[in-house]
Amino acid sequence: MSFPPLKNDNFLRAVRGEKVDHIPVWIMRQAGRYLPEFREFREKHNFFEICQTPAYATEVTLQPIRRYPLDASIIFSDILVIPQALGMTVEMRPGVGPVLPEPLVTVEDIGRLEKYVPVNVQEKLGYVGEAITMTRKQLEGKVPLIGFTGAPWTLMCYMIEGGGSKTMSKAKKWIYKSPQETKKLLSLLTDVIVDYLVMQANAGAQLLQVFESNAEYLGPDQFDEFSLPYLKQIAYRVKEKIGCELGTVPMTVFAKGAHYALEKLGQSGYEVVGIDWTVDPVEARKRVGPNVTLQGNLDPCALYAPKETLEKMAKTMAEKFGKHRYIANLGHGIYPDVPPENVEIFINAIHSACQ
């Protein structure tokens, strides 16, 4: 598949540990509700209609790239397309967020999913691949394009809780009461995720990010048993499948709240480790080692700060990380009421740091 040559490769150079012109920066959820152009688009189309229509997903993906001097783009989609591919209903309700009205209640409910296994990823999720290919072409080489997925534990939480939760107690109940059945579900999800990421790479994604957004609900022992092995499997199996055909497509793991596992994440097979805003950059570098790129980690709420304060925080953060093997980002996704002009202040502050 032929794509326009890449004009700004600072992001991928940082991933590889090469010299960069400036610290690259992108923002988790950068295509989304904080942008007035997205809100206008959303008035005409429902959320999953946008996800499932390649031309719409491409348009929304490109919106922040047109507005800001970002160094990477991320395809507009949602981690919950995988439960949808496994036959579960997912709704995006205004003011509530994602809702799965028929969640998994008992371990016997895994049987509801098994009739969809193995998932034909091209048939069920091919629209994401089409959007990636379309976006790569329409980016015209301006910046690289990121593909992504939710991690098994994070997806399992939504599938059992039926949406977001402050405790994830229903999902954690499975861990303690039915650990073997839990691992069966995590393995099932891992298989789908691997095929899904390979499809994204084949479609043109230049980096793949795995979001373990619910890692914070696990303690160290539970993380080692119910998250980390599957994260490692994903990295190894995806690279094994795409290595011969595409060369290396680097991967990022972002395990929010897993500060206790930084050393293990640094050795988990991912080129980039994303960290949240609770982790000190200097400490993170010591713990992941010199051969892994770090990504993060400004508190998303810092984007509410006055211009001078925001600039200072961004530059201080960049100086702590340093220019080598570093990608600037927030410590989690951007919030919907952030002033769009503050995003540009943040990006410009990062680009002018460490010169």
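1. Let's start with the sheet. Seven strands form an open sheet in the order β1-β4-β5-β6-β7-β8-β9, with parallel pairing. A strand here is a DSSP run of E with at least two residues, a helix is a run of H or I with at least four, and both are numbered from the N terminus. Two strands pair if DSSP finds at least two bridges between them. At the edges sit β1 (73–74) and β9 (326–330), each of which pairs on one side only. As background, strands of a sheet pair through backbone hydrogen bonds, either parallel or antiparallel.

2. A word on what you are looking at. This is a predicted model, where local features need pLDDT of at least 70 and side-chain atom pairs count only at pLDDT 80 or more, while totals for chains, interfaces and linings use all residues. Residues are numbered from 1 along each chain as its sequence is written, and side-chain values use heavy atoms, with hydrogens and water left out.

3. Now follow β7 (residues 272–274) and its partners. It pairs with β6 (residues 251–255) in the parallel sense over 3 bridges, and Phe254 stands opposite Gly274 in β7. Another 3 bridges join β7 to β8, also running parallel; here Val273 has Leu294 of β8 as its bridge partner. Strand β8 (residues 293–298) is mostly covered, with 6 of its 6 residues buried. Buried means under 20% relative accessible area, exposed means over 50%, and partly exposed lies in between (1.4 Å probe, protein chains only).

4. Where does helix α8 sit? After α8 comes Gly162, with a positive phi near 80°.

5. Pro152 is worth a click. This residue lies in helix α8 (residues 152–161) and counts as buried because its relative accessibility is 1%. Leaving aside residues up to four places away in sequence, Pro152 touches Leu186, Leu189, Thr190, Ile193, Tyr230 and Ile234; contact means heavy atoms within 4.5 Å. The C-alpha atoms of Pro152 and Phe41 are separated by 31 Å, and the two residues are 111 apart along the chain.

6. Which residues touch the most other members of the largest nonpolar core? They are Met159, Phe223, Leu265 and Phe346, out of 136 residues. Helix α10 (residues 179–203) gives the largest share, 13 residues. A nonpolar core is a set of buried Ala, Val, Leu, Ile, Met, Phe, Trp, Tyr and Cys residues joined through side-chain atoms within 4.5 Å. The contacts of Met159 include Pro83, Met88, Leu113 and Leu189.

7. Next, look at how two helices meet. The axes of α7 (residues 121–139) and α10 come within 9 Å and cross at roughly 35°; axes are lines fitted to C-alpha atoms, for helices over the stretch in contact, with angles from 0 to 180 degrees between N-to-C directions. Residues making this contact include Val128 and Ile132 of α7 and Tyr196 and Gln200 of α10. Gln200 counts as buried because its relative accessibility is 0%. Its contacts include Val128, Ile132 and Phe148.

8. Finally, the cysteines. The structure holds 0 disulfides, a disulfide being a pair of cysteine sulfur atoms within 2.5 Å. Cys51 counts as buried, at 1% relative accessibility, whereas Cys354 is partly exposed at 27%.
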